[in-house]
Amino acid sequence: MTLQLGDEAPDFTAETTEGTIHFHEWLGKDWGVLFSHPKDFTPVCTTELGRVAALKPEFTKRHTKVIGLSVDPLGSHKEWSKDIQDVTGNAPNFPLIADGDKKVANTYGMIHPNANDTLTVRSVFVIGPDKKIKLTLTYPASTGRNFDELLRVIDSLQLTANHKVATPSDWKQGQDVIIVNSVNDDDAKKMFGGFKTVKPYLRTVPQPK
Ligand code: BEZ
């Protein structure tokens, strides 16, 4: 069955480049990003993993742990890391799961047989501190992901988890946000000290701290 937003992220134990990981225990109280790539020693994947490694401080700033996955063995992940360092200047500084038996990939629906019946597609799961799935993304092998966008979404998820707001199209940290419609005008005044009414159903405020 397809995992959907709000579902609990299935727990698992897996062998990774940083040792055996029990997923929920490893996540602890942090947010998590579990993402798959199709295959080691391939061009798009090389650029992606280098980019995630470069952005590690940004994920850490957001109390977010990152873990990658493919069906390749540990030895391959470790050997490939040297190429990722050569090509991008950053070797993976986060664990990579060796999911040879496809246990995690099948649980998370990372294999899309009509695209490729043996390799994982480019899946992303963002998991909250409550272990619930907050975001899913699926990209094909031919298209590298935009990890700045992933950070932007995490900013929105973390903001909207703590305040009764939503974020508009293309929102970035520091920009105005939208008051959710379940908050009436009186409560919105108390909550935010004032707001701008663009339409009765579209009220904006500066981003809460
Ligand atoms: C790549 O990362 O470039 C790639 C991986 C698997 C299939 C096609 C492309």
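The largest cavity in this predicted model has a volume of about 30 Å³. On a 1 Å grid over the protein atoms alone, a cavity is a set of points where a 1.4 Å probe fits but cannot get out, and lining residues have an atom within 4 Å of a point. Grid points are joined across faces, edges and corners, and the volume is the space filled by probe spheres set on the points. A search of the whole structure for cavities of 30 Å³ or more returns one.

Local features in this predicted model need pLDDT of at least 70 and side-chain atom pairs count only at pLDDT 80 or more, whereas totals for chains, interfaces and linings use all residues. Residues are numbered from 1 along each chain as its sequence is written, and side-chain values use heavy atoms, with hydrogens and water left out.

The lining of the largest cavity consists of V124, L137, R145, N146, F147, E149 and L150. Helix α6, residues 147–162, gives the most to this lining, with three residues. Helices here are DSSP runs of H or I with at least four residues, strands are runs of E with at least two, and both are numbered from the N terminus. By class, the lining divides into four nonpolar, one polar and two charged residues. In this scheme Ala, Val, Leu, Ile, Met, Phe, Trp, Tyr, Cys and Pro count as nonpolar, Asp, Glu, Lys and Arg as charged, and the others, Gly among them, as polar.

The chain as a whole has seven helices and 11 strands. Its C-alpha atoms fill a box of roughly 60 × 35 × 35 Å, taken along the principal axes. Of its 209 residues, 44% count as buried; buried means under 20% relative accessible area, exposed over 50%, and partly exposed in between, with a 1.4 Å probe and protein chains only.

The ligand is surrounded by P38, T42, P43, V44, C45, R122 and A141, where a residue is near the molecule if one of its heavy atoms lies within 4 Å of it. Helix α2, residues 43–54, gives the most to this shell, with three residues. Five residues of the shell are nonpolar, one is polar and one is charged. An oxygen atom of the ligand lies 3.0 Å from an N or O atom in the side chain of T42, and one is 3.1 Å from an N or O atom in the side chain of R122. Taken alone, the ligand exposes 260 Å², of which the protein buries 73%; accessible areas come from the Shrake-Rupley method with a 1.4 Å probe, and for residues only the protein chains shown count as cover.

Helix α2 also holds L49, which counts as buried at 0% relative accessibility. L49 and S142 are 93 residues apart along the chain, and their C-alpha atoms are separated by 15 Å. The loop between β3 (31–36) and α2 contains H37. This histidine, H37, has 0% relative accessibility and therefore counts as buried, and its side chain makes a polar contact of 3.4 Å with the side chain of S70. In the segment before β1 (13–16) stands P10, which is buried with a relative accessible area of 18%. P10 and F23 are 13 residues apart in sequence and 8.6 Å apart in space, C-alpha to C-alpha.

Backbone geometry is the next topic. Most residues other than glycine have a negative phi. K102, although not a glycine, has a positive phi of about 60°; K102 is placed in the loop between β5 (96–98) and α5 (103–107) and is partly exposed, at 24% relative accessibility. D170 likewise is not a glycine and has a positive phi, of about 65°. The loop between β8 (165–166) and β9 (177–179) contains D170, which is exposed with a relative accessible area of 60%.

Helix α7, residues 185–192, has features at both ends. At its start, a side-chain oxygen of N184 reaches to within 3.2 Å of the backbone nitrogen of D186. After α7 comes G193, whose phi is positive, near 70°.

Note on methods: A polar contact is a pair of N or O atoms within 3.5 Å; within protein, one must be able to donate a hydrogen and the other to accept it, and residues adjacent in sequence count only if both atoms are side-chain atoms. On a 1 Å grid over the protein atoms alone, a cavity is a set of points where a 1.4 Å probe fits but cannot get out, and a pocket is an open set with protein on both sides within 12 Å along at least five of seven lines; lining residues have an atom within 4 Å of a point.
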